[in-house]
Amino acid sequence: MISEEKIKTKIEEKLGSKIKSFTSLSGGCISDAYKITTNDKSDFFLKYNPSTSNDMFVKEADGLTELAKSDAIRVPEVLGFDDDYILLEYISTGSKKKNFFEEFGRSFAEMHKFTSESFGFFEDNYIGSNPQKNIPSEKEKSNWVEFYFDKRILFQFKLSEKLGNSTEELRKWISILENKIQEIIGNSNEKPALLHGDLWSGNYIVDENGSAVLIDPAVYYGNREADLGMTKLFGGFGSEFYKTYNEIFPLEDGYEYRENIYKLYHILNHLNLFGGGYYSQAISLIKFYIWKNHFQNQ
């Protein structure tokens, strides 16, 4: 109760208006979520975590602000943030319109056309509650394979070692992958695209107009296939999403073959977040490439 009164006071000072109602919402994995209504009948969305002692909400705010720059797909407007909260516009949820996934695929493709001169981002952020390293070395700024292996696969592997989730078997396969990853991903002339970074069915909502809204990003600039790979990991995206995406912004040849390498980052992250259930899946994703290359070379 003390912490709730404390955040109410802080938000009232931020908005310059008294809070009329403060309603708890479901769905927050890391933080508590609330719908706030002020005396002038304005609604706001609050994520609050009084035990947070890091910059998670600051990084979330920066990610949402970056996504908004593309002007391609709706994201909640950031109204304020601090170490223990982020305050966003309140978006009333609705039902998916008839052509929801077609429109979503089109908008997502347009977002990926918003590019940067270098891979990475100006700051590190978070993927779930784990750190995500985005600040590239000089070489990684222009080399996607180097960036992806070092800042995504190798970082998560080292984290698994630290957390006790690794084994000699995983060490062996990561070492083999390091020597094969250039061959797997290959070269691309595409510019670094603006990525949501963690897009699964739980990280978009449907607004009052029946359209998609992106939430909870892990933003950076990278190869857009990495974003699409994540959407395939747990399902929840209709076939029209991919069909329309590819019509608006055609993918390079071989993208289906590369999907598993982009799923691997998120599976390793889930291994480090939730434990052993994801271990065998991580091994299988690596073996997919090693065995496939082996048989192709026979």
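Visitor: What is the relative accessible area of K141?
Guide: This is a predicted model: local features need pLDDT of at least 70, side-chain atom pairs count only at pLDDT 80 or more, and totals for chains, interfaces and linings use all residues. Residues are numbered from 1 along each chain as its sequence is written, and side-chain values use heavy atoms, leaving out hydrogens and water. Buried means under 20% relative accessible area, exposed over 50% and partly exposed in between (1.4 Å probe, protein chains only). K141 is partly exposed because its relative accessible area is 32%.

Visitor: Which residue forms a salt bridge with K141?
Guide: A salt bridge needs a side-chain nitrogen of Lys or Arg within 4 Å of a carboxyl oxygen of Asp or Glu. In the K141 pair, the closest N and O atoms are 3.4 Å apart. At 61% relative accessibility, E138 counts as exposed. The partner of K141 is E138.

Visitor: How many residues apart are R74 and E208?
Guide: Their side chains meet in a salt bridge, at 3.2 Å from N to O. R74 is in the loop between α2 (56-69) and β4 (78-82), and E208 in the loop between β9 and β10; helices (H or I, at least four residues) and strands (E, at least two) are DSSP runs, numbered from the N terminus. R74 is partly exposed at 27% relative accessible area, and E208 is partly exposed at 45%.

Visitor: Why should α5 span 26 Å, and how far apart are its end C-alpha atoms?
Guide: The expected span is 1.5 Å times one less than the number of residues. Helix α5 (residues 168-185) has 18 residues, so it should span 26 Å. The end C-alpha atoms agree with that, at a separation of 25 Å.

Visitor: Where does α5 bend?
Guide: The bend is the angle between axes fitted to the seven residues ending at a residue and the seven starting there. In α5 it is about 50°. Buried residues of this helix include I174, L177 and I181. The bend lies at N179.

Visitor: Which residue caps the N-terminal end of α5?
Guide: A side-chain oxygen of the cap lies 3.3 Å from the backbone nitrogen of E169. The capping residue is T167.

Visitor: What is the phi of K41?
Guide: Most residues other than glycine have a negative phi. K41 lies in the loop between β2 (32-38) and β3 (43-48). At 67% relative accessibility, K41 counts as exposed. Its phi is positive, near 70°.

Visitor: What is the phi of D216?
Guide: D216 sits in the loop between β10 (212-214) and β11 (220-222). At 29% relative accessibility, D216 counts as partly exposed. Its phi is also a positive value, near 45°.

Visitor: What is the nearest side chain of opposite charge to D198?
Guide: D198 is found in the loop between β8 (193-195) and β9 (204-206). Leaving aside neighbours within four places in sequence, its contacts (heavy atoms within 4.5 Å) include D216, D227 and H266. Lys and Arg count as positive, Asp and Glu as negative; His and the chain ends are not counted. D198 is buried yet has no salt bridge; at 9.9 Å, the nearest opposite charge is K47.

Definitions and conventions: A polar contact is a pair of N or O atoms within 3.5 Å; within protein, one must be able to donate a hydrogen and the other to accept it, and residues adjacent in sequence count only if both atoms are side-chain atoms.
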